[in-house]
Amino acid sequence: MRKFLKVTLASALIGCGVIGTVSSLMVKEAKAVEIITHWVPHEVYGMPGEPDNSGKVFFSGLKAKYMGYPKDAQRSPYPGKYSKFWKTLPAYRYYIPDYMYNRDEVRPSNPIKGTFKLEQCIACHSVMTPGIVRDYNKSAHSKAEPAPTGCDTCHGNNHQKLTMPSSKACGTAECHETQYNEQGQGGIGSHASCSSFAQIECAWSIERPPGDTAGCTFCHTSPEERCSTCHQRHQFDPAVARRSEQCKTCHWGKDHRDWEAYDIGLHGTVYQVNKWDTEQFDFSKKLSDADYVGPTCQYCHMRGGHHNVQRASIVYTSMGMSMADRGAPLWKEKRDRWVSICDDCHSPRFARENLQAMDESVKDASLKYRETFKVAEDLLIDGVLDPMPKDLCPDWSGQHIWSLKIGAYHDGEAYGGKTGESGEFRMSNCTDVERLCFESVGYFQTYIYKGMAHGSWNDATYSDGSFGMDRWLVNVKQNASRARRLAALEKKVGISWQPEQFWKTGEWLDQLTGPYIVKNHPGKTIFDLCPDPGWLDTHHAPAEEVEYIERKLKELGITSGSHNAHHHESGHDPAARSMKEH
């Protein structure tokens, strides 16, 4: 039908003698789509960069970091470079089975001995876990020919050495090898890395006690390690896995607001009002044969049933908060792929112009963040940020470097470290200004990105999107104004005070990794204690970015740590924080 309409429309236009006008309009529209608002991502963190519209991904002033192990390494990706500081809970064994359940030295004890056949498993578990048996009997596994795929196939038949199936158990040549291989193709930001990279190696896991991040771990480890996260056991019904709701367990919340954006957006509304009508959404069909009335998450992001969801993503940039021109020529292949998906229902022009609208919204949001960051940075350099890094308990690496000084491109000791040293994100014990900065880019800019990508104008604007960034920018400025006035008054009356102890220690703060390192390994950082570089990564950017950054630095004749992107206005008083001297 779609091809027929295109041919008919073209014929009609030619018959009317307006093909030249149409061609002219198409050229003008193409040029309009290529217009890119200038935006200088590297100015935020003082890092070198290419022209504004190069499309390069810059994450927080990118400097190479060493994290984890590659997916194809001979050794397990767990527990990763910082293993001695990543604390675990017993329940994690069900979410990271190959590392925490299936090895003999960690397998939980089992009082039942013997080897059993499928019929015996069914007989016993019909009493012990009847729900599991009911689900299994409804599954395609139970009806497989020439013999069922049974309990013993996935769990083994030795009750003393039962295994908890990981995705590897499903990805054998006899079963689902293609899907397993596709799922493992995605890089950072995909299901294939959301555990071994994003969870085990990042601050919010390393920094805190395990109960504080249990939810992060349960969610992040599931899709990388287990097919059953999406293909609910023990029915494993693909029709269930094809519904959008299957994605929302993980894909919603403050910093990955996909479900909310989709659900209240135009596409989600079409889905919600039609999803029970099998003529509109027939989930019994494979995705390659799907002809839905509207898009599901899977229809777009797993185009044709391909299990590498990153094939259809708008350039992974840490959930939207990293800086990149996603409409730049560098990303043409991904843009064209998206246009081809949207083309199922929309014209290519409509798709491209909506993608451009998303780009422009994110760029405008980045202007707000640049301004927010600048206010916070000037507070720090002028000595009026309360508290300063040295007044806090150490960050998760054991350092006292400013939490927004990421990437080692800032020069001087005003940030708390030596030239070239990088700060690490603080999620917990930091100033209100730093937290507002983090939430501005980590939450609100993400809302804008996700909202525009999913057709949720409300999310992009009202629901803490662009209006939220407005509010946080005002709050940061208000904080800065009060801090400067207070610093001036205290200097005038000669007040000199010691920072409150609650910034440095506390019943909960003392459970964090940073204080532990300082107490038990004085003079060391987590990088000293975990020197194995593992594989070269760039904190949410492809490895070739490292080469690019280093080459650019060399061309400019500077070393990491040197920059002059931010200049202080004459009204700023670098000595204004005299009351902090002690």
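Trainee: At roughly what angle do the axes of α17 and helix α18 cross?

Mentor: This is a predicted model. Helix α18 covers residues 432-453. Its axis and that of α17 come within 9 Å, and the crossing angle is roughly 180°.

Trainee: What does that crossing make α17 relative to α18?

Mentor: The angle is roughly 180°. Angles over 145 degrees count as roughly antiparallel. Therefore α17 is, relative to α18, roughly antiparallel.

Trainee: Which residues of α18 meet α17?

Mentor: Start on the α17 side. That helix supplies A357, M358, S361, V362, A365, S366, Y369, T372, F373, A376 and L379. They meet, in α18, V433, C437, S440, V441, Q445, I448, Y449, M452 and A453.

Trainee: At what angle do α16 and α17 pack?

Mentor: Helix α16 spans residues 332-342, and helix α17 spans residues 348-381. Their axes are 9 Å apart. The packing angle is about 125°.

Trainee: Which residues make the contact of α16 with α17, and how many are charged?

Mentor: From α16 come R335, D336, W338, V339 and C342. From α17 come P348, A351, R352, L355, Q356, M358 and D359. By class, seven are nonpolar and one is polar, while the charged residues number four.

Trainee: Is E207 buried or exposed?

Mentor: E207 sits in the loop between α10 (203-206) and α11 (214-225). Its relative accessibility is 3%. The cut-off for buried is under 20%, so E207 counts as buried.

Trainee: Which residues does E207 touch?

Mentor: Leave out residues up to four places away in sequence. E207 then touches W396, R426, M427, S428, L512 and T513.

Trainee: What share of the contacts in the protein chain with a separation of 6 or more comes from residues 24 or more positions apart?

Mentor: The protein chain has 23 helices and two strands. Of its 582 residues, 46% count as buried. Among contacts with a separation of 6 or more, residues 24 or more positions apart account for 70%.

How values were computed:
Residues numbered from 1 in each chain as written. Predicted model: local features only at pLDDT ≥ 70, side-chain atom pairs only at ≥ 80, totals over all residues. Heavy atoms only, no water. Helix = DSSP H or I, 4+ residues; strand = E, 2+ residues; numbered from the N terminus. Buried < 20%, exposed > 50% of the residue type's maximum accessible area, 1.4 Å probe, protein only. Contact = heavy atoms within 4.5 Å. Axes fitted to C-alpha atoms, helices over the stretch in contact; angles between N-to-C directions. Nonpolar A, V, L, I, M, F, W, Y, C, P; charged D, E, K, R; others polar. Parallel < 35°, antiparallel > 145°, perpendicular 65-115°, else oblique.
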